[in-house]
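Welcome, and thanks for taking a look at this one with us. Below is a short briefing to read alongside the sequence and the model.

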Amino acid sequence: MPSPFAATTAFWIACFAFAPALAAAGAPGGAHEEQLQTCAHLARDHANDAVTIANAVLADAAAGAEVEIRALACLGIAQAARGEPAKATASAERALRLIDAHPLLDGEAAYALGQVGGVFQTAGQPQRAAKLYQRAYELTRRDGSPR
């Protein structure tokens, strides 16, 4: 029987692998959509480039909560990949505060929670990640979201 950690790892890998496709399917990236997709693509293997992109998106004060959450998730993954778990955790916590403070559709909130959970998991905090994955799962069950 696979361990709970293996199951959450598999869940996160699936979420992160398909993040660009899911984002293109309807997440409100607006003018930053291409940057957000590029950031997600580069976050693990080209973390320095991803940090630069995420910070550029975060510099736009008018980008909106959804864009900021996605940029923070990318930033957190890249920071964890660079061996900066404290910075990654701070980015994830900032994103989580935004998720909790801004009304999002359940499907969007679930997607964002999965992204932030992935940051916690990559930063070595699988228990915190699992709690967010559970919240995301409950939201998708509630509204039948494909995300």
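Which helices are included in what covers the buried residues of H4? The cover includes H3, H5 and H6. Please keep in mind that this is a predicted model. The protein has eight helices and zero strands, and along the sequence they give the pattern α-α-α-α-α-α-α-α.

**The protein as a whole**

- The protein has 147 residues, and 46% of them count as buried.
- Its accessible surface is about 7,400 Å², with carbon and sulfur atoms contributing 58% of that area.

- The mean pLDDT of the protein is 82, and 78% of its residues reach 70 or more.
- Helix H4 (residues 47–58) has the highest mean pLDDT among the elements, at 97, while helix H2 (residues 19–24) has the lowest, at 44.
- Two stretches call for care: pLDDT stays under 50 over residues 4–14 and again over residues 16–27.
- Beyond four places in sequence, the model has 15 contacts for residues 4–14 and 25 contacts for residues 16–27.
- Where pLDDT is low, the predicted coordinates should not be read in detail.

**Helix H4**

- H4 has 12 residues, and from its first C-alpha to its last it reaches 16 Å, close to the 16 Å expected at 1.5 Å a residue.
- Its buried residues are Ala47, Ala50, Val51, Ile53, Ala54, Val57 and Leu58.
- Seen down the axis of H4, these buried residues fall within an arc of 165°, so they line one face of the helix.
- Asn48 and Thr52 are exposed on the other side of H4.

**The disulfide**

- The structure holds one disulfide, formed by Cys39 and Cys74, whose sulfur atoms are 1.9 Å apart.
- The pair links distant parts of the chain: Cys39 sits in helix H3 (residues 33–42) and Cys74 in helix H5 (residues 65–81), 35 residues apart.
- The link of Cys39 and Cys74 is left-handed, with -100° about the S-S bond.
- Are these two cysteines, Cys39 and Cys74, buried or exposed? Both Cys39 and Cys74 are buried.
- As a reminder, a disulfide is a covalent bond between the sulfur atoms of two cysteines.

- The buried residues of H6 are Ala88, Thr89, Ser91, Ala92, Ala95, Leu96, Leu98 and Ile99.
- These buried residues of H6 pack against H5, helix H7 (106–122) and H8.
- Thr89, in helix H6, counts as buried because its relative accessible area is 10%, under the 20% cut-off.
- Leaving aside residues up to four places away in sequence, Thr89 touches Phe120, Ala123, Gln125 and Arg128.
- Arg97 is also found in helix H6, but Arg97 is exposed because its relative accessible area is 54%, over the 50% cut-off.
- Arg97 and Ile69 are 28 residues apart in sequence, and their C-alpha atoms are 9.3 Å apart in space.

**A residue of helix H5**

- Ala65 is found in helix H5 and counts as buried, with a relative accessibility of 14%.
- From C-alpha to C-alpha, Ala65 and Pro103 are 9.4 Å apart in space, although 38 residues apart in sequence.

**Helix H8**

- Helix H8 (residues 126–143) has 18 residues and reaches 26 Å from its first C-alpha to its last, close to the 26 Å expected at 1.5 Å a residue.
- The buried residues of H8 are Ala129, Leu132, Tyr133, Ala136, Leu139 and Thr140.
- Why can they be said to line one face of the helix? Seen down the axis of H8, its buried residues fall within an arc of 120°, so they line one face.
- On the other side of H8, the exposed residues are Gln127, Lys131, Arg141 and Arg142.

How values were computed. Residues numbered from 1 in each chain as written. Predicted model: local features only at pLDDT ≥ 70, side-chain atom pairs only at ≥ 80, totals over all residues. Heavy atoms only, no water. Helix = DSSP H or I, 4+ residues; strand = E, 2+ residues; numbered from the N terminus. Expected span 1.5 Å × (residues − 1). Buried < 20%, exposed > 50% of the residue type's maximum accessible area, 1.4 Å probe, protein only. Arc of directions from axis to C-beta. Areas by Shrake-Rupley, 256 points an atom, 1.4 Å probe, with all protein chains shown as cover. Disulfide = S-S within 2.5 Å. Contact = heavy atoms within 4.5 Å. pLDDT = per-residue confidence, 0-100.
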